[in-house]
Amino acid sequence: EVYFKNLSKQKQKEVMEKNGNNHKLRVCVATCNRADYSKLAPIMFGIKAEPQFFELDVVVLGSHLIDDYGNTYRMIEQDDFDIHTRLHTIVRGEDEAAMVESVGLALVKLPDVLNRLKPDIMIVHGDRFDALALATSAALMNIRILHIEGGEVSGTIDDSIRHAITKLAHYHVCCTRSAEQHLIAMCEDHDRILLAGCPSYDKLLSAKNKDYMSIISMWLGEDVKTRDYIVALQHPVTTDIKHSIKMFELTLDALISFNKRTLVLFPNVDAGDKEMVRVMRKKGIEHHPNFRAVKHVPFDQFIQLVAHAGCMIGNSSCGVREVGAFGTPVINLGTRQTGRETGENVLHVRDADTQDKILHALQLQFGKQYPCSKIYGDGNAVPRILKFLKSIDLKEPLQKKFCFPPVKDNISQDIDHILETQSALAVDLGGTNLRVAIVSMKGEIVKKYTQLNPKTYEDRLALILKMCVEAASEAVNVNCRILGVGISTGGRVNPREGIVLHSTKLIQEWSSVDLRTPISDALHLPVWVDNDGNCAALAERKFGHGKGIENFVTLITGTGIGGGIVHQHELIHGSSFCAAELGHIVVSLDGPECLCGSQGCIEAYASGIALQREAKKLHDDDLLLVEGMSMKEEEIVSAAHLIQAAKLGNTKAESVLRTAGTALGLGVVNILHTVNPSLVILSGVLANHYVNAVKDVINRQALASVKTVDVVVSNLADPALLGAASLVLDYTTRRIY
């Protein structure tokens, strides 16, 4: 460290000798508005504090000198800076032409000033049209330019102006690593780029502990508490003035509805600013008891106001840059700051047709406290900048060098991203296993947990809660926002109350059970419960073949036979929640006995249990195994063995499967004649074995008017979990943004 300090001193000494031992660097700082002064003032104080190295000339122009914007040149005088020149450069007007004329007026007036001052270097900040006039004048007059905050990406015309100034500037002070890489990618010489951080952070990071209650009381009223008010600062977007004014109207409507004390600052001098002021007055903001509308707040006081606010809203760069130093929640509106690097405290609302999305963003953000962000600085920018200025060799030619490095991508938080990452906890309560999964809005199973289903009610509920808590914790790590819990279970369910009225014989001790209340109380999330057949239909409606289909039926062919009916896009539950018990449609008066106690049900013929029963009969009669099959002595006969035997040519097994397929097909024909769907979806492990048999029965037995129905096999890998997730995702996202 000592070595590099000595090396730096030696370099500065050599530079002083090259520039002439008695020559001080004459620096002209030109400031155009309240915003750029907050960035330039710390540098100006640093320059003023080292008179042995620098001479400072201050030029003031732009909105600093306009009464409508608070005559903010006075704060420069209050900071004890001598203003060398005041230039009135703003042409009054409300359209883009006024900005162009203002740039032209500045270009006319600046050459005379620069000729008199003859600065060695001019410091220009940011991306305002006034700054473009400054940089153009200095570049054409062969005055070196130091550009502050180049390389950043935001939105609208500001990007174009900022990058134009970058091409005119000879030296660059940037705030972030990405901005540095952008400058390099724009062909700027790496040796003339300083990654210093934002100068305003030098003041920000030491400001929060100062007295602030008197400032809050002065601007918002004595009854206002910290974290219980909003600061709003919104400017017109010059590339789409009408839309930005509409966005401002919606913002004010949302703030009125949100009903919190709000400090509203007047917009910058830009095309459209007068119209925004008219919108404020039309809505009575200046006289509304919840609002305080002001033209200007001194920067030191503004820092305290945003540091202790419940939220800042608008499209000012201050919101996405400086406010991060305090962890204050920010809602960034529109496209004006699109692309800027932001901390996790910033939530973007890119577009809004109504106040609802902005209001929803306020509800998400207000009152939160985020970690303080140092993306834009660490509080040591000014010493770095002064050191950089001292290292400038005035005898070096101004010609730039060029290079083309890659640009690092930038990722920021966005409300549309939040909507995309909305997810559900899905629970599948099976006869054997209990499964819990995190399911995304797109139907992706992000994480899945499986445990054996306990036998008793108490143990079963405790395990559900444990697995859901574990999954909810993991959801944070995988960036999923859990909206609720959906539960798929066998048996008859009252979905309105979240109660399992009575379950199947596969799940004992599971009757008149309230699943919703204990799980909702434990997780503090809404809970939905429905029958597994209905859930399969919901899964098809949201993610599968049923998407966009008005009327369809789903049949589950697994251990049992179940299903769900969707009519006019809605699931049918029936008067006693017994609709779509499709497995218990009777297809034979003297058929085999079903688990429900009846005879001849589809489930008694075509379910996995029924096939297993027939396989055991064949095996007991030594009629199951054929050449190519073998079974271990302790192996349990299953439906899979029956299917394997049929594939190997066992006629007895083929006959059983044919009968099962016919029974299922007859059941489907009854369904077609009853509800007349346009699509039948076969789901479950046996679906592929039955689909052709079902189609054959329809062709033979169905009325001509329903024979054209499509019969397909589900392509969903896990309809039970996806259906449980659909319970949550369908209900919680029906709000329109």
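Strand β1 (residues 25–31) and strand β2 are joined by seven bridges and run parallel; two strands count as paired if DSSP finds at least two bridges between them. Helices (H or I, at least four residues) and strands (E, at least two) are DSSP runs, numbered from the N terminus. This is a predicted model, in which local features need pLDDT of at least 70, side-chain atom pairs count only at pLDDT 80 or more, and totals for chains, interfaces and linings use all residues. Residues are numbered from 1 along each chain as its sequence is written, and side-chain values use heavy atoms, with hydrogens and water left out.

Right-handed here means that, with the strands pointing away from the viewer, the path from the first strand over the helix to the second runs clockwise. On its other pairing, β2 meets strand β3 (residues 83–87) in the parallel sense over four bridges, and L61 has L87 in β3 as its bridge partner. A right-handed β-α-β unit is made by β2, helix α3 (residues 73–78) and β3. Strand β2 (residues 54–61) is mostly covered, with six of its eight residues buried. Buried means under 20% relative accessible area, exposed over 50%, and partly exposed in between (1.4 Å probe, protein chains only).

The chain is divided into domain 1 (23–198), domain 2 (206–365), domain 3 (416–543) and domain 4 (545–715); these bounds come from an automatic or database domain assignment. The C-alpha centres of domain 1 and domain 4 lie 77 Å apart.

Next comes the packing of nonpolar residues. A nonpolar core is a set of buried Ala, Val, Leu, Ile, Met, Phe, Trp, Tyr and Cys residues joined through side-chain atoms within 4.5 Å. The largest such core has 62 residues, and I313 and L362 have the most contacts inside it. Helix α10 (residues 241–258) supplies the largest share of this core, nine residues. At least three residues come from each of domain 1 and domain 2. Leaving aside neighbours within four places in sequence, L362 is in contact with I230, A254, L255, F258, C311, I313 and I331, contact meaning heavy atoms within 4.5 Å. Apart from this core lies another, of 42 residues, among them V669, I671, V680 and L686. In soluble globular proteins, nonpolar side chains tend to be buried together.

The structure holds zero disulfides, a disulfide being a pair of cysteine sulfur atoms within 2.5 Å. For C318, the nearest cysteine sulfur is that of C198, 9.6 Å away; C318 is buried, with a relative accessible area of 11%. For C480, the nearest cysteine sulfur is that of C468, 15 Å away, and C480 is also buried, at 13%.

Most residues other than glycine have a negative phi. N479, in the loop between α17 (457–477) and β17 (481–489), has a positive phi, near 60°. This residue, N479, is partly exposed, with a relative accessible area of 40%. H524 lies in the loop between α18 (516–523) and β21 (527–531), and its phi is positive too, near 55°. H524 is exposed, with a relative accessible area of 70%.
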